[in-house]
Structure formats: C-alpha cells, structure tokens
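Have the model open as you read.

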Amino acid sequence: MPSLESLHFTNRFTRELPGDTERENRRRQVRQACWSGVNPTPVAAPRLVAHAREVAELLDIEVTTDNEQAFADVFGGNRLLPGMEPFAMCYGGHQFGNWAGQLGDGRAINLGEVINSRGEHWTLQLKGAGPTPYSRTADGLAVMRSSVREFLCSEAMHHLGVPTTRALCLVATGEQVVRDMFYNGNPGPEPGAVVCRVAPSFTRFGNFQIFAARQEIDQLRQLVDFTVRTDFPHLLPPSGPPTAETYAAMFDEVCRRTAAMIVHWMRVGFVHGVMNTDNMSILGLTIDYGPYGWLENVDPDWTPNTTDAQGRRYCFIAQPQIGHWNLLQLANALLPVVGDAKPLEAGLHAYARHFQEGYRRMMADKLGISLMTTDVDDSLVADLWPILAAADIDMTLFFRDLATIKAGDDATADPARFLTAVSSGFYDTEARVAVDRTALGVWLARYQARISAEALPDSIRRDRMNTVNPLYVPRNYLAQLAIDKAEAGDFSRVREMLDVLRWPYTEQPGREEYAAKRPEWARHRAGCSMLSCSS
Ligand code: AMP
Ligand code: MG
C-alpha cells in the first residue's frame, strides 16, 4: 500500500473552471467563478474516531497504527499533502421552495481530486474544516453528533446499495463548537469533528442554478461542458464539442439517476429531510446527511426535520414529487445552454416514468412476487402503506418478517394467525391508543394467496426478499447511542455500528440489538425522533 504522500492529484475542477480572483477568506458574494481557493483551518488535537477501510481502498491507501496520526492530521485539516489544492464551491439553491441566492460550501473544503491506480477519479472533501467565503453568518464547523451521523449513514447507504457520497473517515478536532441544538435559545459547547467525504464529484443542481440566476451564461456553459466531460464522458460525441443533444442526454441521465436514487430511498425507508436543490447531486448520489431519518413505525407523512414539521415538504411520501420539482429547477437553470425547452420537458417525463417503473419493480421485489402486471398487484401495494401506518408497525422488521410467510396450503387460514408472523415489529401502543390490526391480518391473507399463485419455493422467496429488505439500518436512536459514547471519548460503538452496517441484509448473531425496533425511551428523545438542521 502506498503512503498518503503518494496520492496522485489531478484537480480538474480548479484547473479547468473559472475561479475566484480574490484569495482573502472573507464572507462575500463570489461572482463569475465556480470556486474559491481556501485552506482548512488547523485544529487543536486531531484524533481518528473511525475510518472506512473500503473507501481507503478506493484511494489505494491504508490506515495502520503507524500512519494513524498522520492520517488524522491530514483529514482533520492540519496538513496538506503534495498536490492538494483546497477550494470551496460556489452554488445557490432553493431552500424549502424559495430561491435562497448564493449558498456555497460554507463548511466544506475540497482537498483535491485523486486519480487511483484503476484510473478512477475521487474528490476528497472535508466537512467542518473551517470558514470559507460561503460561510455567511456561520462558523464553518461541525459537531461530533452530526458528523457521526453523516459518517455512519453514508457508509450504511453504500452497503445497502443506495447511490451515495462516501465517507473516508471521521476525525475529532479536540476543540469545542457552540451549538443551539434546537434553536430554542440554549446554546452549549459540543465536541467538534470533521468528516472526509469522497465522491466522483460534489456538483449539485445549485452549482448550475447560481449562474443561471445571475445571468452568468458563459460560466454556466463552462460548467455544463466540464460536467459532461468529467461526470458524463460516455455522452460526448465521438469528436468535437458537446452539442444540444449531448446536453439533453445529460439532463435525461440526471433525471433517471435521481429517480433511481429515490426509489432506493423508498425501498429502505430513508427520509433525507432537507431536499433543497443545493443538496441534490448531479450524479444522483445521496448527499448532505443532516436531519435525515429512517422510518421506524410506518408513517408516510413523517419527517425527521423539526424545521419541516409544519409544512412536511420533505416527508417520506413526498420525496418522489420533490425530486421532480428539483429537476424542474435544474431544467430551468440549463435552459440558457440547451436553448430549447422540449428535450428538458422530455427528461422530466422520463423521470416520472422511470420512477413509476422503478417503484413497481422495487415493491414487487420487496414483496417477493414477480414483476407486477395486474391491478390486483397494484392494489396490494397501494393498500399496504396505509394499513402499515394504521397498524403501528416497524417498517424494517415488517418486511423481514413478511419473508417468513409461507405460500398457503390452507386457503381458509385465519387472518389473525398471520399477525403472529409479523408481530416482532409491533410497537407497544397500548399506553397511547388502541390499534386495530385486523386490516393488516386481512392484507396478509391476500398476500399469502398472491404468493401461492407463484411457483416459487418459500425458502427461495425468503432469500430473495432478504436481499432487498435490510435487517440493519442506521436507526436514529442507534446512531444516538454511538454519539453519546463518542462525545465522552469512547469511539468503540461508532466502529462497531459501522461494522454491523457493512452487511445490512445478513443476520449477524450476537448483534440483535442493532436490529431492534426503537425502544419507548427513544420515541421523544432529542436526536432519536426529532432533529434540527443545527449541526
Ligand atoms: P445545509 O442545510 O447543510 O445543506 O446547508 C445549507 C448551507 O448552509 C450550505 O451552503 C452550507 O455550506 C451552509 N452551512 C451550514 N452549516 C454551516 C456552518 N456551520 N458554517 C458555515 N456554513 C454552513
Ligand atoms: Mg447542503
């Protein structure tokens, strides 16, 4: 394994795109530029909390006891390696439906773009490494709490098969950061941390939007051409520069990738929480893990983000439509370069079609039935969500239990009998409201009739279902338990949880606690059911 010093940097973003002419790191509007050069702010005592060895492998590096401190120094922001050219990106975005103007990397600093031994390009980005010209009124820092959440969830998503940015490592800074966790006038110090994120690129819808909003069409075109060259090279014409068709094909692919990503979110019960257009990756990667959450008791209207509790714009069930709305904003931004609205409209239609098709296929896989072609199957799916919501049942455990139901030989089976098969996911609602689970029993009887119509051995169906229905997801309360320890300087639970999440579909004896439904104490504890953007 080569040492850190042998990482090979190419840095196409800063080499090929217009940069900020001012070098001073002061907060301001940055015009006619895709990026501003800015170095990470050194920290007091960087210490490696955890790292993902699979991501290190992508970079052809390895963390050992010998280089662990050097690793923490570099990825805590204290030392630059030869070839690193740190910069923050300029972007804008719609926040909660309103144009917010310039946002930009306010606390993310790209260290550079690595090219590995297989010719792959990976950009390294520190989150929480100090202020940039885009920090507005904030400090550019991140706390342990939110950094543990980002680190664990992005790796969990990867192992779940969901497109995502990756996380190389998590470094404790040895400094305190003041945060008002619930925006309720109670600020307090928290341990600071830095996550090193890794992705082929971090370009967001908002990178294009800012130029369109400012009518900086020359820069917009440069960024679009660069994005085609670097993120979508397979769409380039055999010779010559990109054409109108190339741009249309790029938008079409962004639409398809976004649809595929959101189908995955619905499959695993992920709620992003802040689907602003600045948090949408042009590559269709899940990006910017903030107040995200995982459906525990099924509730289609649930949002983990307290800032969104009123409008529920970004609740679980709204995510597909928000994806469409966000793509429409991207289409508007690309229009000056594409020149014709028609291909962009076609892309948006493709999104809707692609999502619908992908969603039906995904639900068929979750239920272990062949690709749905009948109205009967469609209603089986459509009826399920409200029934699960009414039954107060854990989404993850329900689908694992569903896989244990056997094709029926007894057509007159008592629906109540099926309820026993899925009871491990029932929340103890007695103390709150009486829950009537009769409808769920009836649905399960319909389900048994449906699987009985397929000539598939029960064990094969179960194994197949268990490859798409995870057993382990980074439930908020589990992340919080790891955070509690990490804040006290004990990183063992962060590391253990990362390890469990490496095999989310495989039962891991001895690790049952990581598959347990949310305990009653976590229902209303801060960080377990409610999260703010404060991070
Ligand atoms: P987010 O809601 O995390 O997507 O952030 C929205 C914008 O606020 C982005 O431009 C971030 O870079 C910026 N931002 C969030 N937190 C901070 C912080 N602590 N310091 C500086 N900028 C921040
Ligand atoms: Mg963001």
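Which residues lie nearest the centre of the largest cavity? They are Phe13, Glu113, Thr123, Pro200 and Ser201, among 17 residues that line it. Here a cavity is a set of points, on a 1 Å grid over the protein atoms alone, where a 1.4 Å probe fits but cannot get out, and lining residues have an atom within 4 Å of a point. This is a predicted model, in which local features need pLDDT of at least 70 and side-chain atom pairs count only at pLDDT 80 or more, while totals for chains, interfaces and linings use all residues. Residues are numbered from 1 along each chain as its sequence is written, ligands are numbered from 1 and chains lettered from A in the order in which they are written, and side-chain values use heavy atoms, without hydrogens and water.

The volume of the largest cavity is about 170 Å³, taken as the space filled by probe spheres set on the points, which are joined across faces, edges and corners.

Now move to the second largest cavity, with about 70 Å³ of space. Its lining includes Arg145, Arg149, Tyr289 and Cys533. Domain 1 (4–205) and domain 2 (238–365), with bounds from an automatic or database domain assignment, both contribute lining residues, so this cavity lies between them.

Finally, look at ligand 1. A polar side-chain atom of arginine 136 sits 2.6 Å from one of the ligand's oxygen atoms, and a polar backbone atom of leucine 141 is 3.3 Å from a nitrogen atom of ligand 1. Aspartate 288 places a polar side-chain atom 3.5 Å from an oxygen atom of ligand 1.

Key. On a 1 Å grid over the protein atoms alone, a cavity is a set of points where a 1.4 Å probe fits but cannot get out, and a pocket is an open set with protein on both sides within 12 Å along at least five of seven lines; lining residues have an atom within 4 Å of a point. A polar contact is a pair of N or O atoms within 3.5 Å; within protein, one must be able to donate a hydrogen and the other to accept it, and residues adjacent in sequence count only if both atoms are side-chain atoms.
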